[in-house]
Amino acid sequence: MAPPAAQRSGTNRRAQFGVFAGYLLASAGAALGALLLIVSLVRPEAFAGLRTMASDVTASVGEAGAAGRVGTSNFFDAIAGYYEAGSKNAQMKEEIAIARVKLAEARALEQENEQLKAVLGLAQDEREPVAIARLIGSTSVSARRFAYLSAGRADGVKVGMPVTSPMGLVGRVLEVGRTSSRVLLLTDSESIVPVRRATDNVVAFAEGRADGSLRLRLISLGINPLEIGDVFVTSGAGGMFRPGVAVAMVTELNDDGAIARLLSNPAATDVVLVEPVWQPEAVAMLERPPSGPTEEGIEEVAAELPDPPASPPLPPSPSPTGSAAPDE
Amino acid sequence: MEKLNPTARRDLFGSKINRDHSSALVYGVPWLSIILASLVPMWPVIAPAPVVPPLAFMFLLAWRLLRPGVLPLWAGFPLGLCDDLLSGQPLGSSILLFSLTLIALDLFELRFPWRGFWQDWIVAAVLIMLFLLLSGVFSAARLDLLHFWLLAPQALLSLVLFPIIVGVVAILDRLRLLRVRRID
């Protein structure tokens, strides 16, 4: 069946002009698109304001659905989760009753623990999370792995803050809107986190892979000391992530490291914590031009430090940054 | 007494007497459905890999193939912008690809003015695969061989889903042409 001949303009001048104008506008749109694409590939942060505005507007829609997604691991499980809601509910009520008892016990233990620590004189280095929020959704069509978070500037979230769940590290904040923000997940191919083996000091970089696993690249060359089942935690190098947060478990060995599975699967994560940057002064130093600390940089860092230092801070160590390129 | 034609007063789209199409529906439904389809990233699904079909692009294709006149040729810019704002792609990637798709389909139609289920599906399949491939290239992700392997399930799912999307668009098209406006 042939379509209606709407676009065959014949000898009608006006129709001919309309078709011509249509092509002209469409080509202009495509050219503008190409231009915008080049700009945003060269400067990825260029249109952050526009994007965060859009996510602010749509986040409230997504947030309603996010509440139902608990304990699922992939796309199909997430959909199945909604069907099984009823039977799960009954089961969960029972579990909650048990959990309440356990919680009371845990509180008692915690209290006892604190008392004992006080006796020993140990200082607690616990940091208050900046915000508690939900992961609303993720870029499930694109090759990039971003997630949207239901907290933004209004909740005190800032760019670069680590996002964690009780199971471990999830990612870090990349763009901040007023009530929502965009998180670079650990599995994005641009995400690099310095990690170490939980049991000793074998250090590595955890890079995202396209299929949702992590690639561990050992820093020191030599015989690969890793074994399947090793757990890696953040090392704290670079100053962005607090050390000791669980990241991944080794599932497969290769020449210069291993392939590891993420411990805190973001798909199964309901509520996440946004934590402050561990050592903002170190991150600020590392984000400076590589020529080394400038006079004003030292002054700025000195102003950020809680106590005025006796001597100017040490120049930044050549240790790797805690992230991909700072302008990412 | 002559018999009244059964479609003289009513047809699929409602009463013909004192009722007319609403221009808000006629022009709004295609745009709205494509914009809603580009809100997929706000679904409560945190995907470990690209798995969800590019729904906005597929709705665009389905509308364009089912109702050639309904989207203007320049619609690629605004619709692509909507898609780019949330999809995680660098801004401009969908604008470019949507615009090029609409131009390409227009030129293709001049050459092959026929229609049919299989032809539409093959055209859509080729365009969807090109879209996924080029989106991956434009995404600023570090690409390796693994990435292109991962495109296969997404592309297959998209191809299988396309006739269903066309069905959805056909239902929306009926909604679009309902005679709801009262002529005073």
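Which strands, and in what order, make up the closed barrel of chain A? Read along the barrel, the six strands go 1-2-5-4-3-12, paired antiparallel. Keep in mind that this is a predicted model, where local features need pLDDT of at least 70, side-chain atom pairs count only at pLDDT 80 or more, and totals for chains, interfaces and linings use all residues. Residues are numbered from 1 along each chain as its sequence is written, while chains are lettered from A and ligands numbered from 1 in the order in which they are written.

**View 1. The closed barrel of chain A has six strands.** Strands here are DSSP runs (E, at least two residues), just as helices are (H or I, at least four), numbered from the N terminus. Two of them pair if DSSP finds at least two bridges between them. On average, neighbouring strands of this sheet are turned by 45° against each other, direction ignored; the axes are lines fitted to C-alpha atoms, and angles run from 0 to 180 degrees between N-to-C directions.

**View 2. Strands 2 and 5 of chain A pair up in the antiparallel sense.** Strand 2 covers residues 146-149 and strand 5 covers residues 181-185, with four bridges between them. Look for A:Y148, which sits opposite A:R182 of strand 5. As background, strands of a sheet pair through backbone hydrogen bonds.

**View 3. Chain A meets chain B through 56 of its residues.** Helix 1 (13-42), helix 2 (48-66), helix 3 (75-83), strand 1 (131-138) and strand 2 of chain A each give at least two residues to the side that touches chain B. Helix 1 of chain A has the largest share, 14 residues.

**View 4. B:N18 has a positive phi without being a glycine.** The angle is about 60°. Most residues other than glycine have a negative phi. B:N18 is in the loop between strand 2 (14-15) and strand 3 (19-21) of chain B. Is B:N18 buried or exposed? It counts as exposed because it has 10 C-beta neighbours inside 10 Å (exposed is 12 or fewer other C-beta atoms within 10 Å, buried is 20 or more, partly exposed is in between, with C-beta atoms placed from the backbone).

**View 5. Chain B has six helices and four strands.** From the N terminus on, its elements go β-β-β-α-α-α-α-α-α-β. Of the 184 residues in chain B, 44% are buried.

How values were computed:
Two residues are in contact if their C-beta atoms, placed from the backbone, lie within 7 Å.
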